[in-house]
Amino acid sequence: MEIKLSGFGGQGIIMMGMVLGRAATLYDNKYATLTQSFGPEARGGACSAQLIISEERVLYPYLTAPDILVAMSQEAYEKFEPTLKDGGILIWEENLVRPHNHFGRVKEFTIPATRIAEGLGNRMFANMVMLGFVVAVTGVVPKEALIKAVQDTLPARLLEKNLVALEKGYELGQEKKKSV
């Protein structure tokens, strides 16, 4: 399964890829590769994480056509949406992205991840809200694997709030998945 996570620097896009890859490899017995791309600016420039998760060894680490695209900025959406595989899953940040009409070409899900994160006290949690949402609507890794990967990745002082953000995103994802 090919997954592209995209947005701008400072949103935690690369962190999302690292956590998801860790969840797949360490806690779901799968293989994964992660490559990343970002502009010369550390914050505010376009960035993306390309993740391949497979039951078998990954022999080519680059995406050909993502099965899942997560867009957390308009620039990322405009750049990567045309590469999404027909029948793929498109997930976008509903307050930051204005999508085109896809005419049923892809399955679409939206979440106001940044607004939810702000409600939790800090917009920096938006990546965890989005990550919980992505796992809920795609089932790419089990929720338990994701939680363990977050616990392994983040320092203890940041863990509690990030897990709350992750859970909030997961709950909303479950609700949206039922309504489709």
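Which residue's side chain does E81 meet in a salt bridge? The points below take this up and go on to the rest of the fold.

1. **Basis.** This is a predicted model, in which local features need pLDDT of at least 70, side-chain atom pairs count only at pLDDT 80 or more, and totals for chains, interfaces and linings use all residues. Residues are numbered from 1 along each chain as its sequence is written, and side-chain values use heavy atoms, with hydrogens and water left out.

2. **E81 and R105.** The partner of E81 is R105, with N to O at 2.8 Å. A salt bridge here is a side-chain nitrogen of Lys or Arg within 4 Å of a carboxyl oxygen of Asp or Glu. E81 sits in the loop between α2 (74-80) and β5 (89-93), and R105 in the loop between β5 and β6 (107-111), so the bridge ties together parts that are 24 residues apart in sequence. Helices (H or I, at least four residues) and strands (E, at least two) are DSSP runs, numbered from the N terminus. E81 counts as buried, at 10% relative accessibility. R105 counts as partly exposed, at 26%. The cut-offs are under 20% relative accessible area for buried, over 50% for exposed, and partly exposed in between (1.4 Å probe, protein chains only).

3. **K30 and E55.** Side chains of opposite charge can pair when their charged atoms come close. The whole structure has eight salt bridges. One of them joins K30 and E55, at 3.9 Å from N to O. K30 is in the loop between α1 (13-27) and β2 (31-38), while E55 is in the loop between β3 (46-54) and β4 (68-71), so this pair links parts that are 25 residues apart in sequence. K30 counts as buried at 19% relative accessibility. E55 counts as exposed at 57%. The pair also belongs to a network of salt bridges that links D28, K30 and E55.

4. **N29.** Most residues other than glycine have a negative phi, and most peptide bonds are trans. N29 has a positive phi, near 50°, and is not a glycine. N29 is in the loop between α1 and β2. Its relative accessible area is 68%, so N29 is exposed.

5. **The largest nonpolar core.** This core has 45 residues. L20, V70, I91, M130 and V141 have the most contacts inside it. Helix α4 (residues 126-138) gives the largest share, 10 residues. A second, separate core has 10 residues, including L69, A71, F80 and W92. A nonpolar core means a set of buried Ala, Val, Leu, Ile, Met, Phe, Trp, Tyr and Cys residues joined through side-chain atoms within 4.5 Å.

6. **I91.** I91 is in strand β5. Its relative accessible area is 0%, so I91 is buried. Leaving aside neighbours within four places in sequence, I91 is in contact (heavy atoms within 4.5 Å) with I68, L69, V70, A71, F109, M130, F133, V134, V137 and T138. L63 lies 28 residues from I91 along the chain, and their C-alpha atoms are separated by 17 Å.

7. **Helix α6.** G169 is in this helix. G169 counts as buried, at 0% relative accessibility. Residues up to four places away in sequence aside, G169 touches I111, V129, G132 and F133. G169 and N127 are 42 residues apart in sequence and 9.5 Å apart in space, C-alpha to C-alpha. Q174 is also found in helix α6 (residues 156-179). Q174 is partly exposed, with a relative accessible area of 29%. From Q174 to V19 the C-alpha distance is 20 Å, across 155 residues of sequence.

8. **The second largest pocket.** Its volume is about 160 Å³. Ten residues line this pocket; F8, G10, Q11, T114 and R123 lie nearest its centre. By class, the lining has four nonpolar, four polar and two charged residues. R123 also forms a salt bridge with E118, with the closest N and O atoms 2.6 Å apart. E118 counts as partly exposed, at 40% relative accessibility. On a 1 Å grid over the protein atoms alone, a pocket is an open set of points where a 1.4 Å probe fits, with protein on both sides within 12 Å along at least five of seven lines; lining residues have an atom within 4 Å of a point. Grid points are joined across faces, edges and corners, and a volume is the space filled by probe spheres set on the points. Ala, Val, Leu, Ile, Met, Phe, Trp, Tyr, Cys and Pro count as nonpolar, Asp, Glu, Lys and Arg as charged, and the others, Gly among them, as polar.
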